[in-house]
Protein chains: 2
Amino acid sequence: MDWREGESGTLRPAGAAAALGRRIVSGNLIPGSTLPRLEQLAEQFSISRLSMREAIKLLSAKGLVSSAPRRGTIVRPRSEWSRLDHDVLVWQISEQPNAAFVRSLFEARVIIEPESAALVAIRATEEVIAEIERAFQSMATTDPRSPESIEADVAFHQAILNGTGNEFLAAFAPVIGTWLTKAFRVQRIAEPAQEHFVPQHRAVFEAIKRGDAEGARLAFRILLTRSEADAMSGVRIMDEGA
Amino acid sequence: MDWREGESGTLRPAGAAAALGRRIVSGNLIPGSTLPRLEQLAEQFSISRLSMREAIKLLSAKGLVSSAPRRGTIVRPRSEWSRLDHDVLVWQISEQPNAAFVRSLFEARVIIEPESAALVAIRATEEVIAEIERAFQSMATTDPRSPESIEADVAFHQAILNGTGNEFLAAFAPVIGTWLTKAFRVQRIAEPAQEHFVPQHRAVFEAIKRGDAEGARLAFRILLTRSEADAMSGVRIMDEGA
DNA sequence: CGATATCAATCATCAGACGTTTGATCCAAC
DNA sequence: GTTGGATCAAACGTCTGATGATTGATATCG
(Lines give C-alpha, C1' and ligand atoms only; values in the text may rest on other atoms or scores of the structure.)
Protein backbone atom coordinates (compact mmCIF):
# COMPACT_ATOMS: atom_id res chain seq x y z
CA MET A 1 0.00 0.00 0.00
CA ASP A 2 1.30 3.37 -1.01
CA TRP A 3 0.77 5.86 1.75
CA ARG A 4 2.00 8.94 -0.01
CA GLU A 5 -0.56 11.64 -0.32
CA GLY A 6 -1.85 13.11 -3.53
CA GLU A 7 -4.09 15.83 -2.23
CA SER A 8 -2.06 18.27 -0.19
CA GLY A 9 -3.44 18.75 3.29
CA THR A 10 -5.42 21.86 4.05
CA LEU A 11 -5.80 22.23 7.79
CA ARG A 12 -3.09 20.20 9.39
CA PRO A 13 -4.95 17.71 11.61
CA ALA A 14 -8.36 17.85 9.95
CA GLY A 15 -6.85 17.58 6.50
CA ALA A 16 -4.93 14.47 7.35
CA ALA A 17 -7.99 12.98 9.02
CA ALA A 18 -10.06 13.70 5.94
CA ALA A 19 -7.52 12.13 3.62
CA LEU A 20 -7.29 9.00 5.73
CA GLY A 21 -11.03 8.96 6.36
CA ARG A 22 -11.79 9.10 2.67
CA ARG A 23 -9.56 6.12 2.03
CA ILE A 24 -11.31 4.16 4.72
CA VAL A 25 -14.92 4.87 3.73
CA SER A 26 -14.07 4.35 0.08
CA GLY A 27 -12.89 0.85 0.89
CA ASN A 28 -9.35 1.64 -0.09
CA LEU A 29 -8.37 0.63 3.43
CA ILE A 30 -10.29 -2.43 4.46
CA PRO A 31 -11.42 -3.03 8.04
CA GLY A 32 -8.96 -5.05 10.08
CA SER A 33 -5.92 -3.72 8.28
CA THR A 34 -3.26 -1.92 10.26
CA LEU A 35 -2.17 1.62 9.51
CA PRO A 36 1.50 2.56 9.42
CA ARG A 37 3.12 3.83 12.56
CA LEU A 38 2.20 7.26 13.81
CA GLU A 39 5.59 8.66 12.95
CA GLN A 40 5.51 7.34 9.42
CA LEU A 41 2.04 8.73 8.82
CA ALA A 42 3.09 12.06 10.27
CA GLU A 43 6.03 12.21 7.92
CA GLN A 44 3.96 11.29 4.89
CA PHE A 45 1.44 14.01 5.64
CA SER A 46 4.24 16.45 6.49
CA ILE A 47 2.85 17.23 9.90
CA SER A 48 4.12 16.68 13.39
CA ARG A 49 3.57 13.47 15.26
CA LEU A 50 1.21 15.27 17.61
CA SER A 51 -1.00 16.59 14.83
CA MET A 52 -1.08 13.18 13.22
CA ARG A 53 -2.12 11.75 16.53
CA GLU A 54 -4.96 14.23 16.68
CA ALA A 55 -6.06 13.29 13.21
CA ILE A 56 -6.21 9.66 14.25
CA LYS A 57 -8.07 10.61 17.40
CA LEU A 58 -10.61 12.32 15.21
CA LEU A 59 -11.12 9.20 13.15
CA SER A 60 -11.23 7.22 16.37
CA ALA A 61 -14.05 9.43 17.69
CA LYS A 62 -16.01 8.62 14.55
CA GLY A 63 -15.42 4.92 15.09
CA LEU A 64 -13.38 4.48 11.92
CA VAL A 65 -10.21 3.30 13.62
CA SER A 66 -9.04 2.05 16.97
CA SER A 67 -5.60 2.47 18.46
CA ALA A 68 -3.73 0.52 21.08
CA PRO A 69 -0.10 0.33 22.14
CA ARG A 70 1.97 -2.26 20.40
CA ARG A 71 -0.97 -3.28 18.22
CA GLY A 72 -0.98 -0.07 16.26
CA THR A 73 -3.98 1.61 14.68
CA ILE A 74 -6.42 -0.66 12.90
CA VAL A 75 -9.47 0.06 10.76
CA ARG A 76 -12.67 -0.90 12.56
CA PRO A 77 -15.52 -2.81 10.86
CA ARG A 78 -18.12 -0.77 9.02
CA SER A 79 -20.76 -1.59 11.60
CA GLU A 80 -18.81 0.40 14.17
CA TRP A 81 -18.65 3.59 12.14
CA SER A 82 -20.69 6.66 13.04
CA ARG A 83 -22.47 6.61 9.75
CA LEU A 84 -24.56 9.66 10.55
CA ASP A 85 -21.50 11.74 11.31
CA HIS A 86 -21.17 14.76 9.06
CA ASP A 87 -17.61 14.11 7.94
CA VAL A 88 -18.18 10.41 7.37
CA LEU A 89 -21.16 11.24 5.20
CA VAL A 90 -19.30 13.86 3.22
CA TRP A 91 -16.40 11.52 2.64
CA GLN A 92 -18.72 8.75 1.58
CA ILE A 93 -20.80 10.91 -0.71
CA SER A 94 -17.80 12.48 -2.40
CA GLU A 95 -16.08 9.14 -2.84
CA GLN A 96 -18.86 6.87 -3.95
CA PRO A 97 -22.37 8.27 -4.15
CA ASN A 98 -23.47 4.97 -5.62
CA ALA A 99 -26.93 3.59 -6.10
CA ALA A 100 -26.91 1.46 -2.95
CA PHE A 101 -26.11 4.49 -0.84
CA VAL A 102 -28.94 6.52 -2.32
CA ARG A 103 -31.37 3.65 -1.92
CA SER A 104 -30.46 3.21 1.74
CA LEU A 105 -30.72 6.90 2.44
CA PHE A 106 -34.14 7.26 0.90
CA GLU A 107 -35.41 4.09 2.51
CA ALA A 108 -34.55 5.63 5.88
CA ARG A 109 -36.00 8.97 4.87
CA VAL A 110 -39.29 7.38 3.85
CA ILE A 111 -39.51 5.80 7.28
CA ILE A 112 -38.53 8.84 9.30
CA GLU A 113 -39.57 12.00 7.51
CA PRO A 114 -43.25 11.37 6.76
CA GLU A 115 -43.83 10.29 10.35
CA SER A 116 -42.01 13.37 11.57
CA ALA A 117 -44.21 15.55 9.39
CA ALA A 118 -47.26 13.82 10.86
CA LEU A 119 -46.01 14.56 14.37
CA VAL A 120 -45.38 18.18 13.48
CA ALA A 121 -48.88 18.47 12.01
CA ILE A 122 -50.29 17.42 15.36
CA ARG A 123 -48.12 19.20 17.85
CA ALA A 124 -46.30 22.04 16.10
CA THR A 125 -46.25 25.53 17.56
CA GLU A 126 -46.89 28.68 15.57
CA GLU A 127 -43.20 29.42 15.37
CA VAL A 128 -42.36 26.03 13.90
CA ILE A 129 -45.07 26.35 11.26
CA ALA A 130 -43.86 29.85 10.48
CA GLU A 131 -40.33 28.55 10.04
CA ILE A 132 -41.49 25.83 7.67
CA GLU A 133 -43.52 28.36 5.73
CA ARG A 134 -40.57 30.72 5.50
CA ALA A 135 -38.44 27.95 4.04
CA PHE A 136 -41.16 26.98 1.60
CA GLN A 137 -41.73 30.55 0.44
CA SER A 138 -38.03 30.96 -0.14
CA MET A 139 -37.98 27.75 -2.16
CA ALA A 140 -40.96 28.79 -4.19
CA THR A 141 -39.65 32.22 -5.07
CA THR A 142 -36.03 31.51 -5.93
CA ASP A 143 -34.45 30.03 -9.00
CA PRO A 144 -34.25 26.25 -8.56
CA ARG A 145 -30.67 26.37 -9.76
CA SER A 146 -29.58 28.95 -7.19
CA PRO A 147 -27.81 28.17 -3.93
CA GLU A 148 -30.63 29.91 -2.10
CA SER A 149 -33.02 27.29 -3.39
CA ILE A 150 -31.08 24.36 -2.01
CA GLU A 151 -30.61 26.24 1.26
CA ALA A 152 -34.34 26.69 1.53
CA ASP A 153 -34.88 23.05 0.67
CA VAL A 154 -32.55 21.99 3.45
CA ALA A 155 -34.20 24.43 5.86
CA PHE A 156 -37.61 23.02 4.99
CA HIS A 157 -36.69 19.44 5.83
CA GLN A 158 -34.70 20.37 8.88
CA ALA A 159 -37.47 22.57 10.24
CA ILE A 160 -39.82 19.61 10.11
CA LEU A 161 -37.41 17.19 11.78
CA ASN A 162 -36.47 19.72 14.44
CA GLY A 163 -40.09 20.76 14.78
CA THR A 164 -40.99 17.36 16.17
CA GLY A 165 -39.28 18.39 19.37
CA ASN A 166 -37.78 14.92 19.37
CA GLU A 167 -34.02 14.97 19.73
CA PHE A 168 -33.57 11.55 18.14
CA LEU A 169 -35.54 12.40 15.05
CA ALA A 170 -33.81 15.76 14.96
CA ALA A 171 -30.50 13.91 14.86
CA PHE A 172 -31.39 13.00 11.32
CA ALA A 173 -31.61 16.63 10.24
CA PRO A 174 -27.88 17.13 9.68
CA VAL A 175 -27.84 13.98 7.57
CA ILE A 176 -30.52 15.33 5.27
CA GLY A 177 -28.73 18.66 5.17
CA THR A 178 -25.44 17.10 4.24
CA TRP A 179 -26.99 14.93 1.59
CA LEU A 180 -29.08 17.65 -0.03
CA THR A 181 -26.18 20.07 -0.07
CA LYS A 182 -23.76 17.56 -1.51
CA ALA A 183 -26.22 16.09 -3.98
CA PHE A 184 -27.21 19.55 -5.13
CA ARG A 185 -25.52 19.49 -8.50
CA VAL A 186 -26.43 15.90 -9.20
CA GLN A 187 -30.10 16.39 -8.53
CA ARG A 188 -30.45 19.66 -10.32
CA ILE A 189 -28.58 18.39 -13.32
CA ALA A 190 -30.84 15.38 -13.50
CA GLU A 191 -34.00 17.43 -13.32
CA PRO A 192 -33.58 20.92 -14.72
CA ALA A 193 -37.27 21.63 -14.88
CA GLN A 194 -38.20 21.15 -11.22
CA GLU A 195 -41.88 21.74 -11.80
CA HIS A 196 -42.88 19.04 -9.35
CA PHE A 197 -40.64 20.29 -6.58
CA VAL A 198 -42.56 23.32 -5.41
CA PRO A 199 -46.08 21.85 -5.53
CA GLN A 200 -45.00 18.76 -3.65
CA HIS A 201 -43.39 20.76 -0.89
CA ARG A 202 -46.47 22.97 -0.81
CA ALA A 203 -48.67 19.93 -0.28
CA VAL A 204 -46.59 18.87 2.71
CA PHE A 205 -46.57 22.33 4.21
CA GLU A 206 -50.29 22.91 3.81
CA ALA A 207 -51.16 19.56 5.33
CA ILE A 208 -48.98 20.38 8.33
CA LYS A 209 -50.50 23.82 8.64
CA ARG A 210 -54.07 22.51 8.75
CA GLY A 211 -53.04 19.84 11.28
CA ASP A 212 -53.63 17.01 8.83
CA ALA A 213 -51.22 14.31 10.00
CA GLU A 214 -52.29 11.69 7.48
CA GLY A 215 -52.19 14.21 4.64
CA ALA A 216 -48.69 15.32 5.61
CA ARG A 217 -47.56 11.72 5.76
CA LEU A 218 -48.89 10.93 2.30
CA ALA A 219 -47.66 14.13 0.70
CA PHE A 220 -44.21 13.55 2.10
CA ARG A 221 -44.11 10.00 0.75
CA ILE A 222 -44.95 11.25 -2.71
CA LEU A 223 -42.31 13.95 -2.44
CA LEU A 224 -39.65 11.44 -1.46
CA THR A 225 -40.59 8.96 -4.15
CA ARG A 226 -40.06 11.56 -6.83
CA SER A 227 -36.97 12.91 -5.13
CA GLU A 228 -35.37 9.48 -5.00
CA ALA A 229 -36.04 8.92 -8.68
CA ASP A 230 -34.28 12.18 -9.44
CA ALA A 231 -31.35 11.27 -7.23
CA MET A 232 -31.04 7.85 -8.79
CA SER A 233 -31.01 9.21 -12.31
CA GLY A 234 -28.40 11.71 -11.17
CA VAL A 235 -26.25 8.93 -9.80
CA ARG A 236 -26.69 7.01 -13.01
CA ILE A 237 -25.47 10.01 -14.98
CA MET A 238 -22.45 10.32 -12.71
CA ASP A 239 -21.68 6.62 -12.98
CA GLU A 240 -21.77 6.84 -16.74
CA GLY A 241 -19.58 9.92 -16.65
CA ALA A 242 -17.02 8.08 -14.52
CA MET B 1 -19.11 28.74 38.50
CA ASP B 2 -16.97 26.36 40.43
CA TRP B 3 -14.80 24.32 38.08
CA ARG B 4 -13.24 22.03 40.61
CA GLU B 5 -13.98 18.43 40.01
CA GLY B 6 -15.71 16.12 42.43
CA GLU B 7 -15.22 12.84 40.65
CA SER B 8 -11.56 12.12 40.23
CA GLY B 9 -10.57 11.52 36.63
CA THR B 10 -10.11 7.96 35.46
CA LEU B 11 -8.38 7.94 32.13
CA ARG B 12 -6.67 11.24 31.68
CA PRO B 13 -8.19 12.69 28.51
CA ALA B 14 -11.39 10.65 28.39
CA GLY B 15 -12.10 11.19 32.05
CA ALA B 16 -11.87 14.94 31.78
CA ALA B 17 -14.01 14.90 28.64
CA ALA B 18 -16.62 12.82 30.42
CA ALA B 19 -16.71 15.13 33.42
CA LEU B 20 -17.09 18.21 31.25
CA GLY B 21 -19.49 16.46 28.90
CA ARG B 22 -21.75 15.45 31.76
CA ARG B 23 -21.95 19.01 32.96
CA ILE B 24 -22.88 20.20 29.51
CA VAL B 25 -25.59 17.65 28.73
CA SER B 26 -27.02 18.00 32.22
CA GLY B 27 -27.53 21.69 31.58
CA ASN B 28 -25.06 22.65 34.26
CA LEU B 29 -23.18 24.51 31.53
CA ILE B 30 -25.60 26.32 29.29
CA PRO B 31 -24.96 26.75 25.55
CA GLY B 32 -23.22 29.98 24.69
CA SER B 33 -21.23 30.12 27.89
CA THR B 34 -17.47 30.19 27.70
CA LEU B 35 -15.25 27.62 29.35
CA PRO B 36 -12.16 28.67 31.30
CA ARG B 37 -8.82 28.79 29.57
CA LEU B 38 -7.15 25.58 28.57
CA GLU B 39 -4.48 25.97 31.23
CA GLN B 40 -6.96 26.56 34.02
CA LEU B 41 -9.03 23.56 33.02
CA ALA B 42 -5.91 21.43 32.80
CA GLU B 43 -4.89 22.47 36.27
CA GLN B 44 -8.31 21.80 37.75
CA PHE B 45 -8.41 18.33 36.29
CA SER B 46 -4.77 17.77 37.28
CA ILE B 47 -3.72 16.88 33.76
CA SER B 48 -1.42 18.48 31.24
CA ARG B 49 -2.50 21.06 28.70
CA LEU B 50 -2.11 18.51 25.98
CA SER B 51 -4.48 16.03 27.58
CA MET B 52 -6.94 18.77 28.36
CA ARG B 53 -6.75 19.91 24.80
CA GLU B 54 -7.50 16.38 23.67
CA ALA B 55 -10.46 16.19 26.00
CA ILE B 56 -11.85 19.37 24.50
CA LYS B 57 -11.18 18.04 21.02
CA LEU B 58 -13.23 15.00 21.93
CA LEU B 59 -16.15 17.14 23.02
CA SER B 60 -15.65 19.23 19.92
CA ALA B 61 -15.93 16.11 17.73
CA LYS B 62 -19.26 15.39 19.39
CA GLY B 63 -20.45 18.91 18.67
CA LEU B 64 -20.72 19.87 22.32
CA VAL B 65 -18.23 22.71 22.22
CA SER B 66 -16.40 24.82 19.69
CA SER B 67 -13.00 26.39 20.11
CA ALA B 68 -11.38 29.36 18.44
CA PRO B 69 -8.38 31.51 19.20
CA ARG B 70 -9.04 34.53 21.35
CA ARG B 71 -12.71 33.60 21.70
CA GLY B 72 -12.02 30.60 23.86
CA THR B 73 -14.09 27.43 24.01
CA ILE B 74 -17.84 27.90 24.08
CA VAL B 75 -20.70 25.46 24.59
CA ARG B 76 -22.63 24.92 21.36
CA PRO B 77 -26.44 24.89 21.19
CA ARG B 78 -28.16 21.60 21.83
CA SER B 79 -29.23 21.31 18.21
CA GLU B 80 -25.59 20.96 17.21
CA TRP B 81 -24.84 18.03 19.49
CA SER B 82 -24.35 14.51 18.17
CA ARG B 83 -27.25 13.19 20.16
CA LEU B 84 -26.83 9.65 18.90
CA ASP B 85 -23.21 9.51 20.01
CA HIS B 86 -22.56 6.78 22.54
CA ASP B 87 -20.86 8.96 25.12
CA VAL B 88 -23.39 11.75 24.82
CA LEU B 89 -26.18 9.25 25.38
CA VAL B 90 -24.46 7.69 28.36
CA TRP B 91 -23.84 11.07 29.92
CA GLN B 92 -27.40 12.13 29.33
CA ILE B 93 -28.91 8.91 30.61
CA SER B 94 -26.77 8.85 33.74
CA GLU B 95 -27.40 12.51 34.50
CA GLN B 96 -31.07 12.90 33.80
CA PRO B 97 -33.01 9.91 32.54
CA ASN B 98 -36.14 11.96 32.82
CA ALA B 99 -39.58 11.34 31.40
CA ALA B 100 -39.11 13.61 28.39
CA PHE B 101 -36.00 11.73 27.34
CA VAL B 102 -37.72 8.35 27.57
CA ARG B 103 -40.72 9.64 25.66
CA SER B 104 -38.55 10.98 22.86
CA LEU B 105 -36.55 7.80 22.64
CA PHE B 106 -39.57 5.55 22.39
CA GLU B 107 -41.30 7.85 19.96
CA ALA B 108 -38.31 7.43 17.66
CA ARG B 109 -38.16 3.70 18.32
CA VAL B 110 -41.83 3.28 17.42
CA ILE B 111 -41.16 4.98 14.11
CA ILE B 112 -37.95 3.16 13.24
CA GLU B 113 -37.96 -0.31 14.74
CA PRO B 114 -41.32 -1.73 13.57
CA GLU B 115 -40.56 -0.60 10.02
CA SER B 116 -37.13 -2.15 10.24
CA ALA B 117 -38.65 -5.40 11.38
CA ALA B 118 -41.02 -5.26 8.45
CA LEU B 119 -38.09 -4.77 6.08
CA VAL B 120 -36.24 -7.69 7.65
CA ALA B 121 -39.31 -9.89 7.31
CA ILE B 122 -39.27 -9.23 3.59
CA ARG B 123 -35.64 -9.31 2.70
CA ALA B 124 -33.70 -11.06 5.48
CA THR B 125 -31.24 -13.82 4.71
CA GLU B 126 -31.06 -17.12 6.57
CA GLU B 127 -28.11 -15.90 8.60
CA VAL B 128 -29.91 -12.79 9.79
CA ILE B 129 -32.95 -14.79 10.85
CA ALA B 130 -30.69 -17.29 12.60
CA GLU B 131 -29.01 -14.47 14.48
CA ILE B 132 -32.33 -13.06 15.60
CA GLU B 133 -33.44 -16.51 16.68
CA ARG B 134 -30.24 -17.06 18.61
CA ALA B 135 -30.79 -13.84 20.52
CA PHE B 136 -34.41 -14.71 21.20
CA GLN B 137 -33.59 -18.19 22.44
CA SER B 138 -30.98 -16.76 24.76
CA MET B 139 -33.50 -14.27 26.08
CA ALA B 140 -36.11 -16.95 26.58
CA THR B 141 -33.87 -19.35 28.46
CA THR B 142 -32.01 -17.03 30.83
CA ASP B 143 -33.07 -15.39 34.05
CA PRO B 144 -34.62 -11.99 33.20
CA ARG B 145 -32.57 -10.44 35.95
CA SER B 146 -29.26 -11.75 34.61
CA PRO B 147 -26.79 -9.75 32.54
CA GLU B 148 -27.08 -12.40 29.84
CA SER B 149 -30.74 -11.57 29.46
CA ILE B 150 -30.15 -7.90 28.76
CA GLU B 151 -27.32 -8.83 26.41
CA ALA B 152 -29.65 -11.05 24.47
CA ASP B 153 -32.29 -8.33 24.45
CA VAL B 154 -29.81 -5.86 22.98
CA ALA B 155 -28.63 -8.45 20.45
CA PHE B 156 -32.22 -9.08 19.38
CA HIS B 157 -32.95 -5.45 18.61
CA GLN B 158 -29.58 -4.82 17.02
CA ALA B 159 -29.85 -7.91 14.84
CA ILE B 160 -33.10 -6.56 13.43
CA LEU B 161 -31.78 -3.07 12.77
CA ASN B 162 -28.57 -4.38 11.26
CA GLY B 163 -30.51 -7.04 9.40
CA THR B 164 -32.21 -4.40 7.29
CA GLY B 165 -28.93 -3.98 5.46
CA ASN B 166 -29.58 -0.26 5.67
CA GLU B 167 -26.68 1.63 7.16
CA PHE B 168 -28.81 4.56 8.27
CA LEU B 169 -31.28 2.43 10.13
CA ALA B 170 -28.39 0.40 11.50
CA ALA B 171 -26.99 3.62 12.91
CA PHE B 172 -29.74 3.46 15.49
CA ALA B 173 -28.58 0.10 16.77
CA PRO B 174 -25.92 1.48 19.11
CA VAL B 175 -28.47 3.92 20.50
CA ILE B 176 -30.84 1.12 21.39
CA GLY B 177 -27.96 -0.86 22.83
CA THR B 178 -26.78 1.99 24.99
CA TRP B 179 -30.26 2.70 26.23
CA LEU B 180 -31.15 -0.90 27.04
CA THR B 181 -27.86 -1.51 28.79
CA LYS B 182 -28.06 1.65 30.83
CA ALA B 183 -31.72 1.34 31.62
CA PHE B 184 -31.28 -2.27 32.65
CA ARG B 185 -31.66 -1.84 36.37
CA VAL B 186 -34.43 0.69 36.05
CA GLN B 187 -36.54 -1.48 33.79
CA ARG B 188 -35.99 -4.71 35.64
CA ILE B 189 -36.74 -3.08 38.97
CA ALA B 190 -39.95 -1.68 37.63
CA GLU B 191 -41.10 -5.01 36.24
CA PRO B 192 -39.71 -7.95 38.15
CA ALA B 193 -42.09 -10.45 36.63
CA GLN B 194 -41.27 -9.96 32.93
CA GLU B 195 -43.94 -12.40 31.79
CA HIS B 196 -44.85 -10.27 28.80
CA PHE B 197 -41.28 -9.87 27.64
CA VAL B 198 -40.59 -13.24 26.13
CA PRO B 199 -43.95 -13.79 24.37
CA GLN B 200 -43.82 -10.33 22.82
CA HIS B 201 -40.33 -10.86 21.46
CA ARG B 202 -41.41 -14.28 20.26
CA ALA B 203 -44.27 -12.72 18.32
CA VAL B 204 -41.89 -10.35 16.56
CA PHE B 205 -39.42 -13.10 15.75
CA GLU B 206 -42.01 -15.51 14.40
CA ALA B 207 -43.59 -12.88 12.20
CA ILE B 208 -40.19 -12.08 10.75
CA LYS B 209 -39.41 -15.75 10.23
CA ARG B 210 -42.58 -16.37 8.26
CA GLY B 211 -41.98 -13.24 6.21
CA ASP B 212 -45.01 -11.45 7.62
CA ALA B 213 -44.06 -7.79 7.39
CA GLU B 214 -47.34 -6.43 8.70
CA GLY B 215 -47.35 -8.92 11.56
CA ALA B 216 -43.80 -7.98 12.54
CA ARG B 217 -44.73 -4.33 12.45
CA LEU B 218 -47.73 -4.80 14.71
CA ALA B 219 -45.99 -7.13 17.13
CA PHE B 220 -43.13 -4.69 17.47
CA ARG B 221 -45.47 -1.80 18.19
CA ILE B 222 -47.11 -3.78 20.97
CA LEU B 223 -43.71 -4.71 22.37
CA LEU B 224 -42.57 -1.10 22.42
CA THR B 225 -45.77 0.17 23.97
CA ARG B 226 -45.37 -2.14 26.92
CA SER B 227 -41.65 -1.51 27.08
CA GLU B 228 -42.16 2.24 27.25
CA ALA B 229 -44.67 1.86 30.06
CA ASP B 230 -42.11 -0.15 32.01
CA ALA B 231 -39.41 2.41 31.36
CA MET B 232 -41.65 5.28 32.38
CA SER B 233 -42.61 3.66 35.67
CA GLY B 234 -38.92 2.98 36.25
CA VAL B 235 -38.11 6.63 35.68
CA ARG B 236 -40.92 7.61 38.01
CA ILE B 237 -39.46 5.40 40.71
CA MET B 238 -36.05 6.96 40.21
CA ASP B 239 -37.49 10.47 40.29
CA GLU B 240 -39.21 9.74 43.57
CA GLY B 241 -36.06 8.22 44.98
CA ALA B 242 -34.10 11.34 44.04
C1' DC C 1 -16.09 60.36 14.31
C1' DG C 2 -14.40 56.64 11.69
C1' DA C 3 -11.07 53.73 9.60
C1' DT C 4 -6.84 51.52 10.36
C1' DA C 5 -2.84 49.70 12.74
C1' DT C 6 -1.28 47.67 16.79
C1' DC C 7 -1.68 44.69 20.62
C1' DA C 8 -2.50 40.81 23.39
C1' DA C 9 -5.15 36.78 24.75
C1' DT C 10 -6.02 32.29 23.43
C1' DC C 11 -5.93 28.35 20.84
C1' DA C 12 -2.78 25.57 17.43
C1' DT C 13 1.37 23.33 16.39
C1' DC C 14 5.90 21.85 17.00
C1' DA C 15 10.01 19.15 18.92
C1' DG C 16 12.01 16.02 22.09
C1' DA C 17 11.75 13.33 25.91
C1' DC C 18 9.82 9.96 29.02
C1' DG C 19 6.05 6.75 30.56
C1' DT C 20 2.83 2.86 29.73
C1' DT C 21 0.93 -0.97 27.68
C1' DT C 22 1.26 -5.36 25.55
C1' DG C 23 2.49 -8.83 22.05
C1' DA C 24 6.56 -11.60 21.31
C1' DT C 25 10.50 -14.01 22.73
C1' DC C 26 13.46 -16.57 25.55
C1' DC C 27 14.68 -19.32 29.36
C1' DA C 28 14.07 -22.26 33.14
C1' DA C 29 11.60 -25.70 35.61
C1' DC C 30 8.87 -29.65 35.48
C1' DG D 1 8.81 -31.34 25.07
C1' DT D 2 5.67 -28.46 27.17
C1' DT D 3 4.42 -24.88 30.12
C1' DG D 4 4.90 -20.99 32.78
C1' DG D 5 6.81 -16.76 33.85
C1' DA D 6 10.30 -13.04 33.23
C1' DT D 7 12.22 -10.05 29.97
C1' DC D 8 12.23 -7.19 25.94
C1' DA D 9 10.90 -3.94 22.64
C1' DA D 10 7.56 -1.76 19.62
C1' DA D 11 4.00 1.16 19.47
C1' DC D 12 0.86 4.41 21.47
C1' DG D 13 0.21 7.81 25.49
C1' DT D 14 1.63 11.80 28.09
C1' DC D 15 4.37 15.63 29.56
C1' DT D 16 6.95 20.12 29.13
C1' DG D 17 8.24 24.46 27.16
C1' DA D 18 8.41 27.16 23.25
C1' DT D 19 6.75 29.22 19.06
C1' DG D 20 3.18 30.29 15.54
C1' DA D 21 -1.49 31.85 14.04
C1' DT D 22 -5.77 34.00 14.66
C1' DT D 23 -8.78 37.49 16.10
C1' DG D 24 -11.32 40.58 19.39
C1' DA D 25 -10.17 44.76 21.61
C1' DT D 26 -7.90 49.02 21.82
C1' DA D 27 -5.58 52.99 20.69
C1' DT D 28 -4.14 56.05 17.31
C1' DC D 29 -4.29 59.00 13.43
C1' DG D 30 -6.58 61.33 9.67
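Of the 242 residues of chain A, 44% count as buried, a residue being buried if 20 or more other C-beta atoms lie within 10 Å of its own, exposed if 12 or fewer, and partly exposed in between, with C-beta atoms placed from the backbone. The model is predicted: local features need pLDDT of at least 70, side-chain atom pairs count only at pLDDT 80 or more, and totals for chains, interfaces and linings use all residues. Residues are numbered from 1 along each chain as its sequence is written, while chains are lettered from A and ligands numbered from 1 in the order in which they are written.

Chain A contains 12 helices and two strands. Helices (H or I, at least four residues) and strands (E, at least two) are DSSP runs, numbered from the N terminus. Along the sequence, the elements of chain A follow the pattern α-α-α-β-β-α-α-α-α-α-α-α-α-α. Two residues are in contact if their C-beta atoms, placed from the backbone, lie within 7 Å. Among the contacts in chain A with a separation of 6 or more, 67% are between residues 24 or more positions apart.

The relation between the two protein chains was examined next. Two copies of a chain are related by a rotation about an axis and a shift along it. Here, chain A is superposed on chain B by a rotation of 180 degrees with 0.0 Å of shift along its axis, at an RMSD of 0.1 Å. The two copies are thus related as by a two-fold rotation axis. The superposition is by least squares on the C-alpha atoms of residues with pLDDT of at least 70 in both copies. Both copies use the same surface, as 100% of the contact residues of chain A recur in chain B.

The contact between the chains involves 21 residues from chain A and 21 residues from chain B. On the side of chain A that touches chain B, two or more residues are given by each of helix 3 (49-61), helix 5 (99-123) and helix 8 (167-170) of chain A. Helix 5 of chain A provides the largest share of this side, seven residues. By class, the side of chain A that touches chain B has 11 nonpolar, four polar and six charged residues. In this division Ala, Val, Leu, Ile, Met, Phe, Trp, Tyr, Cys and Pro count as nonpolar, Asp, Glu, Lys and Arg as charged, and the others, Gly among them, as polar.

One residue in helix 3 of chain A is A61(A). A61(A) counts as buried because 23 C-beta neighbours lie inside 10 Å. Leaving aside residues up to four places away in sequence, A61(A) touches L58(B) and A61(B). Within its own chain, A61(A) is 20 residues from W81(A) in sequence, and their C-alpha atoms are separated by 9.3 Å.

Helix 5 (residues 99-123) of chain B has 25 residues and reaches 36 Å from its first C-alpha to its last, close to the 36 Å expected at 1.5 Å a residue. The expected span is 1.5 Å times one less than the number of residues in the helix. Helix 5 of chain B also has a kink of about 30 degrees, centred on R109(B); the bend at a residue is the angle between axes fitted to the seven residues ending there and the seven starting there.

A residue is near a strand if its C-beta atom, placed from the backbone, lies within 6 Å of it. Around DNA strand D there are 21 residues, of which L38(A), R12(B), S48(B), S51(B) and P69(B) come nearest. Helix 3 of chain B gives the most to the surface near DNA strand D, with three residues. This surface divides into nine nonpolar, five polar and seven charged residues.

S48(B) lies in the loop between helix 2 (38-45) and helix 3 of chain B. S48(B) counts as partly exposed because it has 14 C-beta neighbours inside 10 Å.

Around DNA strand C there are 20 residues, and S48(A), S51(A), P69(A), L38(B) and P69(B) come nearest. The surface near DNA strand C divides into nine nonpolar, five polar and six charged residues.

R70(A) lies in the loop between strand 1 and strand 2 of chain A. Although R70(A) is not a glycine, its phi is positive, about 70 degrees. R70(A) is exposed, with 4 other C-beta atoms within 10 Å.
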